[in-house]
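Subject: Structure handover

Dear colleague,

Please find the structure below. My notes on it follow.

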Amino acid sequence: MIEKVLAGTALAVCVVMLLRLCLGARARYRFDQAWRAAVHAPMWVVHRVRASRGAAEAIRRAKSAGEWEGNVYTPKSFKRPRKPH
C-alpha cells in the first residue's frame with residue numbers, strides 16, 4: 001500500500017514538472033511565484049499569530065504597569081525620586 005502511495009506521489013511530481021517545462025517563460029514565472037507563495041503561506045500565518053500575541057501581551061503589560069492620562073502613558077519607573085547631584 002505504501003509503495004503505491006509513494007509511486008503515485010512520484011508520478012504526480014514528475015507530471016507537474018513535465019507540464020512546467022511545456023509552459024512559456026511568463027507562465028513558468030507565474031507558476032513558480034504561485035508555488036513559492038503556496039509553500040510560504042503557512043509561515044505567514046505563524047508570523048501573524050506570533051505578532052498578534054506579542055502585541056496583545058505588550059498592550060496588557062502597558063495597561064497594568066503604569067498610569068494613563070488620556071492617551072499619555074507614564075510608567076511607574078518615572079516616579080522615583082531623583083538623586084541630587
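Two strands are taken to pair if DSSP finds at least two bridges between them. Helices (H or I, at least four residues) and strands (E, at least two) are DSSP runs, numbered from the N terminus. On that basis, E1 and E2 pair in the antiparallel sense over 4 bridges.

Before the rest, the ground rules. This is a predicted model, in which local features need pLDDT of at least 70 and side-chain atom pairs count only at pLDDT 80 or more, while totals for chains, interfaces and linings use all residues. Residues are numbered from 1 along each chain as its sequence is written, and side-chain values use heavy atoms, with hydrogens and water left out.

The hairpin

Strand E1 covers residues 66-69 and strand E2 covers 72-75. Tryptophan 68 has tyrosine 73 in E2 as its bridge partner, and glycine 66 is partnered by proline 75. There are 2 residues between the strands of this hairpin, and glycine 70 takes a positive phi near 70 degrees there.

Asparagine 71 is placed in the loop between E1 and E2. It counts as exposed because its relative accessibility is 68%; the classes are buried for under 20% relative accessible area, exposed for over 50%, and partly exposed in between (1.4 Å probe, protein chains only). Asparagine 71 is 21 residues from arginine 50 in sequence, and their C-alpha atoms are 26 Å apart in space.

Tyrosine 73, in strand E2, has a relative accessibility of 30% and so counts as partly exposed. Its C-alpha is separated by 8.1 Å from that of alanine 62, which is 11 residues away along the chain.

Helix H2

H2 runs over residues 25-65, with 41 residues in all. From first C-alpha to last it reaches 58 Å, close to the 60 Å expected at 1.5 Å a residue (the expected span being 1.5 Å times one less than the number of residues). There is a kink of about 40 degrees at histidine 40, shortly before proline 42. The bend at a residue is the angle between axes fitted to the seven residues ending there and the seven starting there.

Salt bridges

How many salt bridges does the structure hold? There are 3, counting a side-chain nitrogen of Lys or Arg within 4 Å of a carboxyl oxygen of Asp or Glu.

One of them joins the side chains of aspartate 32 and arginine 20, at 2.8 Å from N to O. This pair links distant parts of the chain, with aspartate 32 in helix H2 and arginine 20 in helix H1, 12 residues apart. Aspartate 32 counts as buried because its relative accessibility is 18%, whereas arginine 20, at 26%, counts as partly exposed.

Glutamate 57 takes part in the others. Its salt bridge with arginine 60 has the closest N and O atoms 2.4 Å apart; both residues lie in H2, 3 residues apart, about one turn of the helix. With arginine 61 the N to O distance is 4.0 Å, and this pair, also in H2, is 4 residues apart, again about one turn.

The nonpolar patch

Val16, Leu23, Phe31, Trp35 and Val39 make a nonpolar surface patch of about 450 Å². Patches are made of residues with over 30% relative accessible area and no salt bridge; like charges are joined within 9 Å, and nonpolar side chains (Val, Leu, Ile, Met, Phe, Trp, Tyr) within 5 Å. The areas come from the Shrake-Rupley method with a 1.4 Å probe, and for residues only the protein chains shown count as cover.

Which element gives the most to the nonpolar patch? H2 does, with 3 residues. Leucine 23 lies in the loop between helix H1 (2-22) and H2, and is partly exposed because its relative accessible area is 31%.

Regards
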